[in-house]
Amino acid sequence: MPELPEVEVVRRGLERWVSGRVVADVQVLHPRAVRRHVAGGEDFGDRLVGHRIGLAQRRGKYLWLPLADSAQSVLAHLGMSGQLLVQPHEAPDEKHLRIRVRFADGQGTELRFVDQRTFGGLSLHDNTPDGLPDVIAHIARDPLDTAFDDDAFHRALRRRRTTIKRALLDQSLVSGVGNIYADEALWRSKLHYERPTGTFTRPRTAELLGHVRDVMNAALAVGGTSFDSLYVNVNGESGYFDRSLDAYGRENEPCRRCGAAIRRRPWMNRSSYFCPRCQRPPRVES
């Protein structure tokens, strides 16, 4: 699934090409694409027509389009293969086009939601007083948010009594970090993914957060990470941070720091990639 850098790349594209435009027409071409909008596709479209799209927003891996003249927002669930594309009206429909949004202006472009696997979708929700769709009100701020509280994160980390990678992927603790960037930040920090959070000092937490921010900013600079054609920005272009990955996906390749072979281990129905020399596993107390 896309992580914070990939979602932020899409958000920036929506801010440039969609925010400020008034919805003229909505076509829902597959019911699963609006399954989280329980009133159905026709109601979803009717509720959007005539409204102006506000500034595209993101928290962690969650992306939404506020309605500038309403207390509601369109939440985008990208899932495994969802894409939000801005295309000319005359461009051929994508094979897996699910929703089309046209605007009341002369720009000649429309917003398309394309989803091969139909795990994602769009839905309309009431906003909280903070401006978040109410269904994601529990999601924590992400490390690139200027209001992220490093000290509060450290205290919560110590209280959680879990292992560090589980903590990084806990969206109620810190949002936006997924499997790829967790492995990358842990490699940079020389931390094993099973390191207990109760052992973290404030300096160690600060160092880890610094690496999380560094790897995310580096990914943002090159458009995110694309392993196939499923993740693209609003113009259909892939990111290429995968060329710069130090740990994730590099099983049996030499560690760029010490030369040891990167290892992969099954972890929570996923995989963890790490250097066995640089990222020593925690000692098991007898």
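## Second largest cavity

Strands β3 (62–66) and β4 (72–77) each contribute at least two residues to the lining of the second largest cavity. Of these elements, β3 gives the largest share of that lining, with three residues. The model described here is predicted.

By class, the lining of the second largest cavity comprises eight nonpolar residues, with no polar and no charged ones.

## Largest cavity

The count of cavities of 30 Å³ or more is two. The largest cavity has a volume of about 70 Å³. Around the largest cavity lie V18, V23, F44, L48, I53, L65, V74, V101, F103, L111 and L122. Helix α2 (41–48) and strand β6 (97–103) each provide at least two residues of this lining.

The lining of the largest cavity divides into 11 nonpolar residues, no polar and no charged.

## Packing of α1 on α6

Helix α1 (residues 4–17) packs with helix α6 (residues 202–221) at an angle of about 45°, and their axes are 9 Å apart. This angle makes α1 oblique to α6. The crossing of the two helices, α1 and α6, is right-handed.

On the α1 side, the contact involves L4, P5, E8, V9 and R12, which meet M216, A219 and L220 in α6. The residues of this contact of α1 with α6 comprise six nonpolar, no polar and two charged.

## Packing of α5 on α6

Helix α5 (residues 179–189) and α6 pack at an angle of about 125°, with 9 Å between their axes. The helices α5 and α6 are therefore oblique to each other. The crossing in which α5 passes α6 is right-handed.

Residues Y181, E184, A185, L186, R188 and S189 of α5 meet R204, E207, L208, H211, V212, D214, V215 and A219 of α6. Divided by class, the contact of α5 with α6 holds seven nonpolar, two polar and five charged residues. Residue A219 of α6 takes part in the contact with α5, and A219 also takes part in the contact with α1.

## Packing of α3 on α6

Helix α3 (residues 150–160) and α6 pack at an angle of about 115°, with their axes 10 Å apart. The crossing of α3 and α6 is right-handed.

From α3, the residues in contact are D150, D151, F153, H154, R155 and L157, and from α6 they are R202, T205, L209 and R213. This contact of α3 with α6 has three nonpolar, two polar and five charged residues.

## Summary of the contacts and cavities

Helix α6 packs with α1 at about 45°, with α5 at about 125° and with α3 at about 115°. The charged residues number two in the contact with α1, five in the contact with α5 and five in the contact with α3.

Note on methods:
Residues numbered from 1 in each chain as written. Predicted model: local features only at pLDDT ≥ 70, side-chain atom pairs only at ≥ 80, totals over all residues. Heavy atoms only, no water. Axes fitted to C-alpha atoms, helices over the stretch in contact; angles between N-to-C directions. Helix = DSSP H or I, 4+ residues; strand = E, 2+ residues; numbered from the N terminus. Parallel < 35°, antiparallel > 145°, perpendicular 65-115°, else oblique. Left-handed = near helix turned anticlockwise from the far one by under 90°. Contact = heavy atoms within 4.5 Å. Nonpolar A, V, L, I, M, F, W, Y, C, P; charged D, E, K, R; others polar. 1 Å grid on protein atoms, 1.4 Å probe; cavity = no way out; pocket = protein on both sides within 12 Å on 5 of 7 lines; lining within 4 Å. Points joined across faces, edges and corners; volume = space filled by probe spheres on them.
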